[in-house]
Amino acid sequence: MADNLDDARDAALGLTEKAAARLSRDSKLHVRARINLLFDPGTFVEDGQLAHANAEGYPADGVVTGVGMVEGRPAVVVANDPTVKAGSWGARTVEKIVRATEKALDSDLPIFWFVDSAGARITDQVQLFPGRRGAGRIFHNQVQLSGRAPQICCLFGPSAAGGAYIPSFCDAVFMVEGNASMYLGSPRMAEEVINEHVTLEEMGGARMHATVSGCGDNLVADDAEAIETAKTFFSYLPTSWEESPPSFSFEEPPSPLISGVIPDDEKIGYDIHRVISGLVDDDSFFEIKPLFAPELVVGMGRLAGNSVGVVANNPAVNGGVLFVDSADKAARFIWMCDAYNIPLVYLADVPGFMIGTEVERQGIIRHGAKMVTAVSEATVPTVSVILRKAYGAGLYAMCGPAFDPDACLALPSAKIAVMGAEPAVNAVFANQIAAIENPDERQQFVEDRRREFDEDVDLLRLASDLVIDAVVQPEELRRELIIRLALAASKDRSFSRRRHGVPPV
């Protein structure tokens, strides 16, 4: 009996020459090497190592699960082993994953999902698919855990069919470019069912998901970078929803925000990353979805060592106009920050939401309402800053005064209006402008109306009418943010008496 146990353990821990060669060819690490990179040395304890040990060729039944410490904090791991039947799921695979999610739920523990799986084994479908403890239970438990404890996915290889939903329920998905893929139906299935001829990369490759679908958050070069990126992301989050994110020592930004970084002319674009890097602690900004909807930048940084979520329009891309994808990107990020007690800073320089037939057919009203819903529901300490302009519903989407920020600040360059002076005058006075035949008189009329418009929305007037709480010089904005967020740390976080809303998703 002892010999049999030893043989089973050796099989579970070992790696055949053939499997090692395949991993090397694909530039992948063995599942246990991945786990060693995640956990602090000597802290990982494994569950179900001998699952399916009575069947040769199924070590641990293709998935390694257990608990360990990630930089001193406990976390669960669920890690597919692609050397075992391509990481596919059998009945015991599913049971191990279900138990791992139950452990996370019992103790509000974070889960790191190391996904590299061809999906369910059709030969085991009756045992793993339909029952109360079948594969569906994994997703049910993920939804229960959402917002209670972080779920972070490193996608090293395929995530196929129903298994593709595991990453979608996670708070962040880091995809290894060239290896990772995610799809409900493979290219072969698409050809057979809908007669579509497509490559795997086109169907569900890492770059496609990071740039087009938004299902992937960040691209990484290899397995080691994926795990290091996941750990960095985790450092901004609490262990669970009832805790605060960890604090760190910090250094001031080497190039603080100063006057002149933001052009006075609202038609001139600039890279919002320069503003962000001048506000947050040195080298602390971690951008989420940098390749998806880049007209809006979201990510986490630190102010005086404490985590903060940043939502910022980027005038360098499409003028910072909000589209369907940017609204979705913002809504999910805001919900995540609010769930995990991460204060929010909005940096607004937005002409509003995009208009036109194409975006209306995409449902921009519905998607914009989703972003406004997320902004409204967030109860964490929040400061909104009008950098240069906040026009139309863009003001609402960027947490304007009506959305209860703990402070609404403005730089001296700020403007708040339904729209800019030029389109406003053209819209309101179109008939009168057209009726003036003399070009000089027409130009003078337009200039006079624009001047009147600008006087109506003058920043001093907005401040005197208490629309904004303070006008802050760029050099003072970092200090102001740190103080105001600290003062709001103990605020009441109740929002609405209900079970949950019905967001316009």
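A residue here is called buried when its relative accessible area is under 20%, exposed when it is over 50%, and partly exposed in between, using a 1.4 Å probe and protein chains only. Keep those cut-offs in mind as we walk through this structure.

The structure is a predicted model, in which local features need a pLDDT of at least 70 and side-chain atom pairs count only at pLDDT 80 or more, while totals for chains, interfaces and linings use all residues. Residues are numbered from 1 along each chain as its sequence is written, and side-chain values use heavy atoms, with hydrogens and water left out.

Let us begin with the overall fold. The protein chain holds 21 helices and 16 strands; these are DSSP runs numbered from the N terminus, with helices being H or I over at least four residues and strands being E over at least two. For 505 residues, a compact globule would have a radius of gyration near 23 Å, and the 26 Å found for the protein chain agrees with that. That radius is taken over C-alpha atoms, and the globule rule is 2.2 Å times the number of residues to the power 0.38. Along its principal axes, the C-alpha trace spans about 100 × 55 × 45 Å.

How is the chain packed? Of its 505 residues, 51% count as buried. Among contacts with a separation of 6 or more, 73% join residues 24 or more positions apart, a contact meaning heavy atoms within 4.5 Å. The protein chain exposes about 23,500 Å², and carbon and sulfur atoms supply 53% of that area; accessible areas come from the Shrake-Rupley method with a 1.4 Å probe, and for residues only the protein chains shown count as cover.

Now to the backbone. Most residues other than glycine have a negative phi. Asp108, however, has a phi near 50°, a positive value. You will find Asp108 in the loop between α4 (91–107) and β4 (111–117), and its relative accessible area of 13% makes it buried. Cys399 also has a positive phi, near 60°. Its place is the loop between α16 (393–397) and β14 (407–410), and Cys399 counts as buried because its relative accessibility is 2%.

Charges come next. The protein chain carries 46 positive and 70 negative side chains, and the centres of the two sets lie 6 Å apart. Lys and Arg count as positive and Asp and Glu as negative, with His and the chain ends not counted; each charge is placed at NZ of Lys, CZ of Arg, CG of Asp or CD of Glu.

How many salt bridges does the model contain? The count comes to 29, where a salt bridge is a side-chain nitrogen of Lys or Arg within 4 Å of a carboxyl oxygen of Asp or Glu. One of them pairs Asp349 with Lys389, the closest N and O atoms being 2.6 Å apart. This pair links distant parts of the chain, 40 residues apart, with Asp349 in strand β12 (residues 344–350) and Lys389 in strand β13 (residues 382–391). Both Asp349 and Lys389 are buried.

Asp26 and Arg25 meet through their side chains at 3.0 Å, N to O; Asp26 is partly exposed at 26% relative accessibility, whereas Arg25 is exposed at 60%. Arg461 bridges to Asp456 with the closest N and O atoms 2.5 Å apart. Arg461 is partly exposed at 39%, and Asp456 is partly exposed at 44%. Finally, Lys28, Arg34, Asp116 and Asp223 are linked in a network of salt bridges.
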